[in-house]
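Thanks for coming. Please have the sequence and the structure open while I talk.

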Amino acid sequence: MKTDLRVLLTGGAGYIGSHTAVELMRAGSDVVIADNLVNSCMSVLPRIEELGGRPVTFYNIDVCDKDALDDLFTKEHIDAVIHFAGLKCVPESVKLPTLYYRNNLTSTINLLERMAEHDVRYIVFSSSATVYGESDTMPLREDMPTGACTNPYGMTKHMSEVIIRDTAKADERLGAVLLRYFNPIGADESGRIGEDPQGIPNNLLPYVAQFATGRREKLFVNGNDYPTRDGTCIRDYIHVTDLAIAHVKALDYIIGKSGCEVFNIGTGNGYSVLEVIDAFSKACGKELKYEFAPRRAGDIPTCYADPGKAERLLGWKAERDIKRMCEDTWRWQFNNPMGYEK
Ligand code: NAD
Ligand code: UFG
């Protein structure tokens, strides 16, 4: 394992970035975070330092800002970049497409250009299973078709993948890894950092966790007539700590290489909405009563990964099961019912 790297995490104050910062520091690297706090807050930073046992260098900047990023790369010696920064709310992206294309694509392009100027050669990018669109074939493999995305958010992930792949083709110094995350949930087992969505959560786990604390009044299961074993949608939930460790392994893999490689990051197991609610009920020790509601527009019945390529090439495999994912989510939510202090 290559240690003592100095890694720039764009969007590193966010949910996945904060957990990855901790795992990088635990593996012996230093972390620089660039985040404009559009979906996160400063109070995560001391907690990252506390868990990682090292200081974090923080830049409150917009990754789309050319001069600000130039200044960062001039001041800091950076060995590699992990690019988390981006807007990620699917319904918002349908309402405000240009905001999503501008933020998510300009940040990626600006980053690649500044990296080339400052001779920073390695990038790991946060992509998503959403790039596969509505595939009928499961599990999803990396060589299956991508790009038929059903919303602007998904298109920004697909387009960023294309931009990074083309840049790696054109610049033989560049080594890039695209990680297609499935459904990240859970929290660091300390319960000190976790997912803290603003407003009403869109995603299942943060909603269920807030319902369990009493912060949400009702729990709705969207759709019970899907062609699945219990009629509710099936997803490949992945513990955020396993996902964070996948980034450490991805850096270890790409440093010293060039080109662009893509990996699914999931467990390979699918759980239905009802199975997740049941696992969470056990984790929090109370029965969670739900109501069925209409299907959510754009939801596909089933989505899970073939994670075999990551195991073969990165030596990475998810280790934490659904029980652990729910227990760790609950510890974070119970200890921080209103999220981070803002
Ligand atoms: P998050 O919103 O918690 O973190 C993203 C961070 O990026 C936030 O701290 C935000 O303030 C910052 N940011 C956004 N635009 C920025 C900009 N222009 N300049 C600087 N900072 C900016 O989201 P997350 O769940 O941690 O996701 C991280 C990445 O992983 C995102 O790119 C997301 O699209 C991708 N992803 C997430 C999921 C998921 O379910 N959470 C699934 C697949 C892919
Ligand atoms: N769901 C409910 N009730 C809720 C919230 C969600 O029943 O209160 C259901 C959804 O309808 C879906 C399942 O729970 O069937 C999972 O929903 P999530 O929103 O947690 O996850 P998705 O798979 O829909 O979304 C994720 C990422 C997106 C990404 C998408 C496609 O969060 O960023 O996968 O890959 F675009």
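Let me begin with strand β9, residues 234–235, which is joined to β12 by 2 bridges, with the two strands running antiparallel. Before I go further, note that this is a predicted model. Within that pairing, the residue of β12 that stands opposite I234 is S272.

β9 and β12 belong to an open sheet of 3 strands, in the order β12-β9-β14, with mixed pairing. β12, at 271–272, and β14, at 302–303, are the edge strands, so named because each pairs on one side only.

For a parallel case, look at strand β2, residues 30–34, and strand β3, residues 56–59, which pair over 4 bridges.

Now to ligand 1. Which residues come nearest to it? There are 27 residues around ligand 1, and the nearest are D35, N39, S40, F84 and Y153.

N36 uses its side chain, where an N or O atom is 3.1 Å from a nitrogen atom of the ligand. K88 places a polar side-chain atom 2.8 Å from an oxygen atom of ligand 1. On its own, ligand 1 would expose 820 Å², and the protein buries 95% of that.

Where does the shell come from? The elements that give two or more residues to the shell around ligand 1 are α1 at 15–26, β5 at 122–128 and α6 at 152–170. The largest share comes from β5, with 3 residues. Sorted by class, the shell around ligand 1 holds 13 nonpolar residues, 10 polar and 4 charged.

On to ligand 2. This one is surrounded by 19 residues, and the closest are L204, F220, R235, R296 and D299.

Which side chains hold an N or O atom at a listed distance from an oxygen atom of ligand 2? For R235 the distance is 2.6 Å. For R296 it is 2.7 Å, and for N183 it is 3.0 Å. Taken alone, ligand 2 exposes 690 Å², of which the protein buries 86%.

Two elements, α7 at 204–213 and β8 at 220–222, each supply at least two residues of this shell. β8 gives the most, with 3 residues. By class, the shell around ligand 2 divides into 10 nonpolar, 6 polar and 3 charged residues.

Last, a single residue. M325 is found in helix α11, residues 322–335. Is M325 buried or exposed? Its relative accessibility is 2%, and the cut-off for buried is under 20%, so M325 counts as buried. M325 and D188 are 137 residues apart in sequence, while their C-alpha atoms are 9.6 Å apart in space.

That is my tour; I will take questions now.

Key: Residues numbered from 1 in each chain as written. Chains lettered and ligands numbered in written order. Predicted model: local features only at pLDDT ≥ 70, side-chain atom pairs only at ≥ 80, totals over all residues. Heavy atoms only, no water. Near = heavy atom within 4 Å. Polar contact = N/O pair within 3.5 Å; in protein donor to acceptor, adjacent residues only side chain to side chain. Areas by Shrake-Rupley, 256 points an atom, 1.4 Å probe, with all protein chains shown as cover. Nonpolar A, V, L, I, M, F, W, Y, C, P; charged D, E, K, R; others polar. Buried < 20%, exposed > 50% of the residue type's maximum accessible area, 1.4 Å probe, protein only.
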